Amino acid sequence: QVQLVESGGGLVQAGGSLRLSCVASGSIFSIKTMDWYRQAPGKQRELVATVTSGGITDYGDSVKGRFTIFRDNTKNTVYLQMNSLNPEDTAVYYCNVVGHDSWLDQFDSWGQGTQVTVSS
């Protein structure tokens, strides 16, 4: 079983920055992709950013140029650096990790979510 623990959310003024962290632990053999999603009230969950095991990244259109995703494979940790935040970024942010566990079965785990609130 793989567990994800997120941290770093909070309240910030528009134009400010936050860094989210997500640590994966448990019976992990390898990690393929690490992603950040977000869900605002009344809206569907959307992909914010993704990073592969090789370091290839991709971003949602609304965050390109403002957010940066990166990972530390030695710590099974993924980060999301969020700059130039605006009120539309207010949402619960979720970490998602896909990989293989110690039995070489694929896992697809989600974190509990961390609230990000941007005030105008």
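Colleague: What should I know before we start?
Modeller: This is a predicted model, in which local features need pLDDT of at least 70 and side-chain atom pairs count only at pLDDT 80 or more, while totals for chains, interfaces and linings use all residues. Residues are numbered from 1 along each chain as its sequence is written, and side-chain values use heavy atoms, with hydrogens and water left out.

Colleague: What is the strand order in the open sheet of 4 strands?
Modeller: The order is β1-β3-β8-β7, with antiparallel pairing. Strands are DSSP runs (E, at least two residues), numbered from the N terminus, and two strands pair if DSSP finds at least two bridges between them.

Colleague: Which strands stand at the edges?
Modeller: They are β1 (2-7) and β7 (67-72); each has a single partner strand, so one side of each is left without a neighbour in the sheet.

Colleague: Over how many bridges do β7 and β8 pair?
Modeller: These strands pair over 6 bridges, in the antiparallel sense. Phe 67 has Met 82 in β8 as its bridge partner.

Colleague: New topic: how many salt bridges are there?
Modeller: The count is 4, where a salt bridge is a side-chain nitrogen of Lys or Arg within 4 Å of a carboxyl oxygen of Asp or Glu. One of them joins Asp 89 and Arg 66 (2.8 Å, N to O). Asp 89 lies in the loop between β8 and β9 and Arg 66 in the loop between β6 and β7, so the pair ties together parts that are 23 residues apart in sequence.

Colleague: Are Asp 89 and Arg 66 buried or exposed?
Modeller: Both are buried, meaning under 20% relative accessible area (1.4 Å probe, protein chains only).

Notes: Buried < 20%, exposed > 50% of the residue type's maximum accessible area, 1.4 Å probe, protein only.
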